[in-house]
Amino acid sequence: MKITVIGTGYVGLVSGACLADMGNDVMCLDVDEAKIRQLRQGAIPIYEPGLEEIVRRNAGAGRLRFTTDVAESVAFGDVQFIAVGTPPGEDGSADLRHVLEAACNIARQMTAARVVVDKSTVPVGTADKVRRAMADVLAERGVDFPFSVVSNPEFLKEGAAIKDFMSPDRIIIGADDEHAIDVMRRIYAPFQRTHERVMVMDVRSAELAKYAANAMLATRVSFMNEMANLAEALGADIEQVRRGIGADPRIGYHFLYPGAGYGGSCFPKDVQALMRTAAEHKLSMRVVEAAEAANHLQKLRLPQKVVARYGEDLAGRTFALWGLAFKPNTDDMREAPSLAVIAELTRRGARVRAHDPVAMPRAREILAANTAVEFCDDMYQALDGADGLLIATEWKVFRAPDFQRVHSLLKTPLIIDGRNLYQPAEMRSQGFDYQGIGRA
Ligand code: UDX
């Protein structure tokens, strides 16, 4: 099949590469010329395990190409995936400018039937807006080419994007005409493993399903974070509590890890957009609102522990920080808890020596104005003379460090572990003042 993917961000690039890998002819469009030039040379603008290889392989085989030419991209794909950004507007609602612009571009240039697929996470009702916008443009042109608008939300996780796209739990197709449903089924047929994973539903339900999934997962994390804080106060151990509740199949073990708060490009943005949508319909989403408020507080949990140890004024203190990305296996810094940790520590006068295995170039750009932050290429170098180590991301390399070396480098053997990487009793026996999240 000939497929155009509009937008080469996370979702667009992964979708384009994986669709090409299944034998489709794919053209990826982006307005960013530098990015397209880079992609043509096989360089990937984001860190995502396995992505570079799959892009190179398919570009090499001639199945994956990159362009900035709108006319060329509209002419290319019978199916046009829209995977552009939907950044939060000032009021928290998703900004649909890029989505509608992409749709109008298709309508301006199309000379044959097209299936237009919303892959970006967009508020309920967007497919209708896309349909109307395209119909208006076609009417202005005085032409009448048939087109369908499909909602096909993407559930991939950063750091596991290729695997998630290639072996999805489910493939949601929101469509209301048989032709579009048939085309989408054909595209996704190779991605089904042992059983049917395609779920066809009405467009609005598909759009809402994406928000519902992210809001529920975000709520689950906030719930566990609050439970962990309570466990600490009570002298209970959240790890035991987690095991105790996860065994109930209605709850399950996944996504029950308390930590330094959730971040990333999806949860914070989608939770806000969902609340906004509810407000537009004069409804409130109390549970989701609370999940968000709890998350803001949780991001301050590590600095709070520092303050409890050293007092409000941290002038003259230095802290090592392991982990900057919002989670491991990505260089994505969007809404990363580390940013809240750094802002709070440096606001109180402390210096921060930070290390991350891949996110440092991005973090350097974001934190360029904060002169109290120093970036260390080596994770041990960050510890040198520090008043304590804080951990914000559970990268594998942090899981089993040379503890003796850690102990001897730190001025004070304090570890505040926002990801519960180590066993408290073991750490104490090695002479550390060790504080996790929700560990007694
Ligand atoms: C999420 C959804 O999982 C994915 O389906 C959707 O398409 C996009 O949003 P992503 O943002 O890549 O994916 O990361 P995810 O692994 O879900 O983690 C989100 C945040 O929650 C991270 O900050 C992570 O550290 C935090 N988290 C996750 C926890 O604190 N505890 C957990 O148990 C799980």
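1. Let's start inside the sheet: Ala-354 stands opposite Phe-375 in E11. The strand pairing behind this is E10 (residues 351-355) with E11, in the parallel sense, over 3 bridges. Keep in mind that this is a predicted model.

2. Zooming out, the sheet is an open one of 6 strands, and its pairing is parallel. Reading across, the order goes E11-E10-E9-E12-E13-E14. Strands E11 (373-375) and E14 (433-435) are at the edges; each has a single partner strand, so one side of each is left without a neighbour in the sheet. From one strand to the next, the twist averages 20°.

3. Now for the helices on the sheet. H13 (residues 301-310) packs on it and touches strands E9 (318-322), E12 (389-391), E13 (414-417) and E14. The direction of H13 makes about 150° with that of E13.

4. H14 (residues 337-347) packs on the sheet too, with E9, E10, E11 and E12 as the strands it touches. Its direction makes about 180° with that of E9.

5. On to the annotated residue. UniProt, in an unreviewed entry, places the feature "active site" at Cys-266. In the model, Cys-266 sits in the loop between helix H10 (238-246) and helix H11 (267-280).

6. Is Cys-266 buried or exposed? Buried, because 25 other C-beta atoms lie within 10 Å, and the cut-off for that label is 20 or more. Leaving aside residues up to four places away in sequence, Cys-266 touches Thr-121 and Asn-214.

Note on methods
Residues are numbered from 1 along each chain as its sequence is written. This is a predicted model: local features need pLDDT of at least 70, side-chain atom pairs count only at pLDDT 80 or more; totals for chains, interfaces and linings use all residues. UniProt positions are given in the numbering used here, feature names are shortened, and annotations may be inferred rather than shown by experiment. Helices (H or I, at least four residues) and strands (E, at least two) are DSSP runs, numbered from the N terminus. A residue is buried if 20 or more other C-beta atoms lie within 10 Å of its own, exposed if 12 or fewer, and partly exposed in between; C-beta atoms are placed from the backbone. Two residues are in contact if their C-beta atoms, placed from the backbone, lie within 7 Å. Two strands pair if DSSP finds at least two bridges between them. Axes are lines fitted to C-alpha atoms, for helices over the stretch in contact, and angles run from 0 to 180 degrees between N-to-C directions.
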